[in-house]
Amino acid sequence: MNKHHSCLNTRAVIEYFQEKFPAEVPRLVQGLGPEVEILPDPLAFLMESNNWVSSDVVIRLFENAKKLTGDDQILEEIGFESAARKKFSYIQRILLFAYRNPRRSLKRIQAINDKFNKNKTIEVVETTRDAAVIRLHWFPEIPATKDFCLFNQGVYKGLPTVWDLPPADVQETKCFFEGDDYCEYHCQWQMKPLFQSLTNLFTPWRALRLSLEEMERDKETLRQKFDEVHKLYLQLQKTNLELEQANVELNLKQELLQQNLHEINRLNIQLQERNIELKEKINKLECLQDTGSKILSVLDRDELFQVTLRALRNYARLHRAGIFLVDGKSRLLRFGHAVGIDEETQRRLQDYQLPLSKVDNLIVRVYNSGNAVTINDVSESNLNKTNPLLQLFQPRAIIVAPLTSQGMVSGVLLADRRPEDGAFTESDKDFIVSFANQIAIAWANAELIRQKDESERHLRRMFENAQVGILKIDAQNLIQEANPRMKVLCGAEELVGYHIYDFLNADNQKKFQRIIAANRAGQPSQEELEILSKNKPAVTVLLSSVPTFDEDQRYTGCEAIVTDLSETKKMQRQLIQSQKMEALGTMAGGFAHEFKNILQAIKLWTEGALADLPQDSEVHTNLTRVLQSINKGTDTVYQILLFSRDQKPELKPIKLSDIIEDGLKMVRAALPTSIIIQADIDPNAGYILGDSVRMHQVLLNLCTNAAHAMRDKIGRLNVSLQNLQVEPRVKGRWQHVKPGPYVQLVVQDNGIGMDSQTMERIFEPFFTTKEQGEGTGMGLSTVHGIVEDHGGSIDVESAPGAGTTFRILFPRCAPQELELELPRVESPKPIIMPTGTERILFVDDELTLTEIVKKMLERLGYEVVAKSSSREALALFQAQPESFDLVIADQTMPHMTGVALAHEISRIRPDLPIILCTGMIDSQKLDKQAAGIREILTKPVTISKLAQVVRQTLDSQVVSLH
C-alpha cells in the first residue's frame, strides 16, 4: 500500500485532542483500517513523525475528529494549532527557520511539503514581503477530501507565528474540492519593523539553536529511557537468579524454566542491541550539538570545513573525509578540503577537479542526482579501479553524500571506513547525509555574510570615490553623512552635524525648501542650486534627491546626489558665444558684399576723375587721398569677409614655425622700441594645414592688440610655438577639443588686461576698447574667423592689471598629408592701360557700377552695352548673339547668377569669352569650368586692372584668377 503522509500530520491531530479532549483520544484512533489496527500500539505509531501512512488513514482520522467535536471546520483549527503552538518537529522547524521569514519559506514550501506529504504539488504564484498567493495542485489518483484543504489553510494561517508574527489572513479564492483545477490561497501577514527584520539574517543560527535545545531534550529523554532499560535489565537479571533458584527447587518444571530463560536471554540481547542503538543516537545528537555550536562563530571557509569534517570523522567512525565544491562558471567539481590525510597528499589533491559532464564518475553522479551512495566493498563493486582517487587511497567502504542547502547542491562529501570500523548502515548513511546538509547550510550562511560584507565594502568604496557629491539629510535638514566629493564642493573638512542652510544663500534656501516640500510629499526632486564654498567661489550644482521614510511611513529625511555643473555652464557659455559669433558673421558677410560694390563704384569714379586731372593739381592730390581711404576701407571689408567665414581658405601643409619667425620680423618693425619681444619658437613644431597669408594676419593682429594694451609702459611681448598633445578626457581649457596632436601658438603680454565682461565680447566685430580712430574692432574677430576656418581653437586668459594670454591650437598634419609645394614667385607685370574697339556686354545689378564701368571702357575705345538685369542681358544676347566680342558679368545677381548666365551664353556661342566678377575672397570655389569663362576678377578692381584683363581675355584663351 502506498504511503502518502508523514505521521507528523496524524501527530498534529492527536496532540490537539490530547490537549483539548484527552478522554476522546482512544475513540479518535479507532476505525482507521487494517493498516493501523494490526499494529501493536497504533497510537504510538501515529505519534512518530518518521512513520508514514496512506491517505485513507488520514481521511478516517479527519472524519473521527469532526464527529467527536461536532465541528466540520475543526481541521482548520487543528492545522493552525499545529503551526501556532509549534507542533512541528525540530527537523521541520530547522527547514522553516533556514529561510528566515514567511516569504522565503513559502518560496521553498514545495521542498518542505515533499518531506512530509506526497499527495500534491505546491505552486507559489506570487510573493511579497508580507503577502503570497499559493496554489495546491492535488494528485487526482490519491484520495483526498475538503478536510485536507481546511488543514492546509490552518497551517498557512499559523505559519507566521513560527517567527513570532501575528497569524496570517488566508482567503481561499479557488478550491479543487469544489470543482476548480486547484486550491488557491491569498495569504497576508504582518512583518516586524526593519531593524528587527535584520535579525533574520541570522535565522539559520537561531534554527540551529532551537534545534539543539530540542535535541538536548531528546537526549535527556533517551538517557532516561536508557536508565529505565538498564533497570529493567537489572530486574531481569534478578528474575533470572530467582528462576535459577526455582529451577533447583522445581526440577519438574525445568523444561518450562529453560524456555523462559531462552526467552529472557533473547530479550536481553534485544535490549543490549537497543541500548547500543540508543547510545549511538545520543552520540550523534551530541555531535550535531557540538558541531552546531562551533560553526555559529566560524566564517572562514577552510576553518569551517576543518571543524566540521573533524567532528564528523570522530563521531561517524570515518577513516578519511573530504569535500568537493562546485565551480558554477567552469562547471567543475574541485577538491576543497580533507581530514585524515597528510599535508603532502592534500597538496597533490589541490588541483584535482572533475567536469560535471563526466556522468560516469560516482562523485559527479551524486552531485547531479542529489542522492547519497554507500559502497561497503569497493573491490567487488563496478567502480572504475583505475580512478586516481581509488588508486591513491585504496578504500574498503565508502560513502558519497551531496552537500544540500535550500534545495541546491553545492558540493559532495566523500568518506571511507577501515574494515575494523564496520560497514555503513542505513542509520550511518542518514546521519552522514544530515551532517553533510548541515555543512552546506553553514557554508551557505558564511558565504552570505562574506558577500554582504563585500557588498558593503563595495558600496563604501563607491561612496568614497564617487565623482559626484552624496548627501544624507535628516528631517531637520541636518547633514548625517557626506562623501569626500561633497566636502570638496563645500570646501569643508567635515559636514556631519551642519545644517544644509550653512552652505546656501537666501535664494538657494528657498529652492531647497521646494525640494524638501516635494520629498515630504513622497516625490523625488531635482533643482539647480549654488553651494557656498568656504575656500572658493560659489559652485553651481544640480541636486537630485529622493525621500526616506520609516516603517510607519513617517518622513525621515532625504538622500541626494549633487553634480558639479561648473564645466557644463562654461561649455554652455562657449556655445552661446559661438552661436553669437556665427550670427554676427552672417550679418557681417552680407554687409561686406554690399559695401564692396559701393567701394567699387567710388574707386572707379575716383580713378576716372584722377585720369582727367593734372598730377600737380590740388584736386588730384585730394582725390589721391580719397583713393587711399578707399583702399583702407577695402582692407576692412576683406577682414569682415574673413570673419564672416563666407569663404574657406585653400589649406596646404605649411611649417608654422617659419611663418611665425618671418612674421615677427615685420612685427618688430611695426611696434615701438619700448616693447621687448621674446620668442620661443620650436623649430621642430609640426606642420599644419593652413594659409600662410592668414597666419601672418593672425600674428600681426594679436601682436598689434598686445602692443596697444602695453602702450603706457615698458612692455614685454612673449610669443611661443610648441607641439601639444591633447589627451582624452582632459580637464581644463582644452576639454572641448578633440584628442590628438596640435601646434600651440601663445601670444602673451603684460598689459592692462581685461575684465570678464570685456573678454566675453572681444571676438565681436566692431567691438573695441580703443579710442575713436585707433582701430575698427575687426582685428580679434578676424583672428577668430581664421582660427575657426583652420579647424583650430582659441582660448583667452586675462585679468585687470595682470596682462593677457592668447593660446591658439592648430591641428598638426598627419605624415601622409605632408605633400609640400614650393611657393611660385611671379614677376610683377607692368601696369598699362591697353585700348580696343570690340563690342562688350557688361552685366551688373548695381546701376552705379554699370554706369561707371560703361563710361571707363568707352574711354578706352570699346563699344559697351550695359545691363543691370541678367535676364534682360540674356534676352538681348539671344536676339543678337553675333554682335558681341566679350561678356563681363557679376556673379551675385538676382534671378540668375553670373555662372548661370555664362552657361546659357555658352550654349549659344561656345567660342565667346566671358569675364566673371565676384566679391568672394576665395574665387576658387566658383565653377571655373563653366563654358566660356576665361577670366575671374575679385572686387573691388581698378580701372587699369580691368583694362588689362579685358585686353588679355580678348587676345588669349587661358583661364586665370585676379
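What you see is a predicted model, where local features need pLDDT of at least 70, side-chain atom pairs count only at pLDDT 80 or more, and totals for chains, interfaces and linings use all residues. Residues are numbered from 1 along each chain as its sequence is written, and side-chain values use heavy atoms, with hydrogens and water left out.

First, the helices. Helices (H or I, at least four residues) and strands (E, at least two) are DSSP runs, numbered from the N terminus. The axes of α5 (residues 55-69) and α10 (residues 146-158) come within 10 Å and cross at roughly 75 degrees. Axes are lines fitted to C-alpha atoms, for helices over the stretch in contact, and angles run from 0 to 180 degrees between N-to-C directions. So α5 is roughly perpendicular to α10, a label for 65 to 115 degrees. In the contact (heavy atoms within 4.5 Å), α5 supplies Ser 55, Val 58, Ile 59, Phe 62, Glu 63 and Lys 66, and α10 supplies Asp 147, Phe 148 and Phe 151.

Now the sheet. Five strands form an open sheet in the order β19-β21-β22-β24-β23, with mixed pairing; two strands pair if DSSP finds at least two bridges between them. β19 (675-681) and β23 (793-798) are at the edges with a single partner strand each, so one side of each has no neighbour in the sheet. From one strand to the next, the twist averages 15 degrees.

Strands β22 (residues 740-749) and β24 (residues 804-811) pair in the antiparallel sense over eight bridges. Leu 745 has Ile 808 of β24 as its bridge partner. Helix α24 (residues 692-709) packs on the sheet, and its direction makes about 170 degrees with that of β24.

Note on methods
Angles under 35 degrees count as roughly parallel, over 145 as roughly antiparallel, 65 to 115 as roughly perpendicular and the rest as oblique.
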